[in-house]
Amino acid sequence: MGMTMAEKVLARASGQKRVKAGQYVTASVDRMMAHEAFASCFITLKRLGVNKLYDPDRVVIILDHYFPAPTVRMAQGHKLIRQAVEEFGIKNFLGHAGICHQAMVEGGHVLPGRLILATDSHTTTYGALGAASAGIGVTEMSYVLATGELWMQVPPTIRFDLTGKPVPGIMSKDIVLYIAGEFSTEIAQYRAIEFTGEVAKRMSLASRMTLSNMGVELGAKFAFFEADEKTIDYLKERTTETPSRFGPDPDAEYETEHSVDITALEPQVAVPHNPGNVKPVSEIGDQPVDQAFLGSCTNGRLEDLAVAAQILKGRRVNPGTRLLVTPASQKVMLDATRAGYVETFLEAGAHITPAGCGPCPGGHMGLLASDEVCISSTNRNFRGRMGSPESQLFLGSPATVAASAITGRITDPRQFWSETTLS
Amino acid sequence: MDMLIKGRVWKFGHNVDTDVMAPWNSLTEPWEERRKVILHIRPEFAQEAKPGDIIVAGRNWGCGSSRENAPENLKNLGIGAVVAETYGRIYFRNSVAIAFPNIVCPGVHEAFEEGDEMELDLKTARVRNLTRDIEISGQPYTSEMLNILEKGGLLNVLKERLSNEVGG
């Protein structure tokens with residue numbers, strides 16, 4: 001019997017010929033990434049007398065949740081991290097290049113078949129490039145930084161076979177919201193996902209990243225796509241290593257295989273307060289919005305901004321609504337500027353924030369007051385995630401966010417947009 | 001660490017996420033402020049929870065973020081253990097790493113009402129409802145997880161490993 005992508009990575013990382021789902025291994029970690037949480041790791045390691053990391057060259061550090069610093073306390077945290085980077089001799093300090101996950105991919109730190117652990121739950125994003133990647137907390141990260149390894153259970157794998165013909169108005173976000181609603185946010189709990197099928201093959205890397213990113217919202221440990229020619233082409237100019245295609249063995253064993261036909265899919269919206277509370281946009285009813293947010297590691301890439309710009313071109317954001325746009329990285333910001341999207345957003349009355357996590361985690365900026373409603377292209381609508389516990393957070397695709405910003409209420413993007421990013 | 005835990009039960013539902021256990025904008029607050037909003041979906045919880053109390057929860061307890069503050073807040077509040085049907089995996093790992101007992105136990109949500117007395121054996125994952133005289137079995141920790149727990153957390157395991165490396 002062959003191995004799944006998860007089994008292949010964990011077999012190699014634990015120095016074994018083969019491993020099987022359910023088995024516990026001690027895995028050598030290829031890349032460790034930490035954002036602002038690194039400050040806490042640094043303090044912990046120093047307290048334990050660790051003055052040398054296991055392998056500083058495997059470590060990537062970035063500031064994204066609170067850049068630029070909103071408080072003196074955060075500024076102190078950033079200062080401490082810069083000192084720690086210096087002290088530990090970490091060369092891969094990405095500064096303030098944008099959201100960690102976007103910057104990791106753009107910087108060529110994500111390669112197919114690698115095991116990557118990071119202090120952020122949306123680390124599953126790298127599965128879009130065929131990497132086994134998962135979020136961990138600061139204690140485990142401190143351990144990994146010092147030792148280079150961590151215990152892991154080899155997860156069973158479920159497959160989502162994405163089939164059918166994409167209809168206008170649909171983005172990959174709609175597919176993952178649909179899966180969360182239809183199959184539940186626990187469908188992949190303690191498991192790995194492999195997204196397969198014609199639709200998955202045709203998808204851009206950006207679209208794949210949205211699905212892998214929200215793999216964690218389905219409970220997943222890893223959320224893979226096969227690394228194909230598209231992946232290799234993207235990586236070639238970003239790394240000095242030679243990335244190769246990576247997929248499961250043909251006779252790998254899966255726990256379950258689900259077929260998802262997207263032919264009749266409508267744009268989807270998650271309603272408060274869970275990403276699994278999903279409805280087609282037509283069933284939302286009349287729902288005014290105070291804020292619309294376009295950005296995050298889920299949907300702040302150039303492809304997402306391009307769709308929003310197409311929709312907003314020559315139109316105005318509703319006076320009762322504020323539209324915040326946070327490009328996922330400095331590179332996305334630059335590309336969006338060159339493509340004219342930034343001008344389109346500003347002409348429409350949107351506000352552009354610095355690249356980074358922006359309002360999504362609810363600490364830096366763009367927070368919601370009590371009883372305010374936001375339609376957001378992000379990944380979680382937990383109660384109080386983006387501000388007041390009495391605020392209401394709806395999740396949708398970048399197209400749905402842009403359309404809703406124009407009308408001031410949650411709106412079917414097909415009113416303004418008859419294309420799809422999936423064809 | 002005491003492997004036999006006894007306490008009064010607080011009962012929560014399904015999909016209770018990390019963000020309500022540790023709201024992001026509370027993370028930089030001093031403990032006295034931060035503790036007030038722990039599990040704010042039930043405001044009386046943070047007010048009235050007593051050291052040694054046990055949380056019984058439904059499915060997907062701790063879904064969401066990798067913030068270790070979620071289990072850490074509960075531990076610092078003095079909660080003795082959580083017993084849930086299923087867990088968000090990162091929360092679960094974090095709870096092991098900081099040596100805060102969390103047991104997977106299908107059927108626990110049915111078997112307990114708020115205020116019941118629980119006796120929990122961490123070694124065997126045997127869960128007893130002393131109020132209703134019901135006994136159910138959870139999933140025992142693996143020996144590796146139990147080792148981390150018994151040593152008081154992953155950092156103590158690391159400390160031991162580092163001193164062995166220096167000594168050896």
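Two residues are in contact here if their C-beta atoms, placed from the backbone, lie within 7 Å. Keep that in mind as we walk through chain B of this predicted model. Among the contacts in chain B that link residues at least 6 apart in sequence, 67% bring together residues at least 24 apart.

Let us turn to the parts list. Chain B contains 8 helices and 7 strands. Its radius of gyration is 16 Å, close to the 15 Å that the globule rule gives for 168 residues, so chain B is as compact as a globular protein of that length. Along the principal axes, the C-alpha atoms of chain B fill a box of roughly 50 × 40 × 25 Å. Of the 168 residues in chain B, 46% are buried.

Now look for the sheet. Strands of a sheet pair through backbone hydrogen bonds, either parallel or antiparallel. In chain B, 7 strands form an open sheet with mixed pairing, and reading across it gives the order β4-β3-β2-β1-β5-β6-β7. The edges belong to β4 (102-104) and β7 (134-137) of chain B; each has a single partner strand, so one side of each is left without a neighbour in the sheet. On average, neighbouring strands of this sheet are turned by 30 degrees against each other, direction ignored.

Strand β3 of chain B, residues 81-84, runs parallel to β4(B), and 3 bridges join the two. You can pick out one bridge pair by name: Val83(B) has Ile103(B) in β4(B) as its partner.

Technical notes:
Residues numbered from 1 in each chain as written. Chains lettered and ligands numbered in written order. Predicted model: local features only at pLDDT ≥ 70, side-chain atom pairs only at ≥ 80, totals over all residues. Helix = DSSP H or I, 4+ residues; strand = E, 2+ residues; numbered from the N terminus. Rg over C-alpha atoms; globule rule 2.2 N^0.38 Å. Buried ≥ 20, exposed ≤ 12 C-beta atoms within 10 Å, placed from the backbone. Pairing = 2+ DSSP bridges. Axes fitted to C-alpha atoms, helices over the stretch in contact; angles between N-to-C directions.
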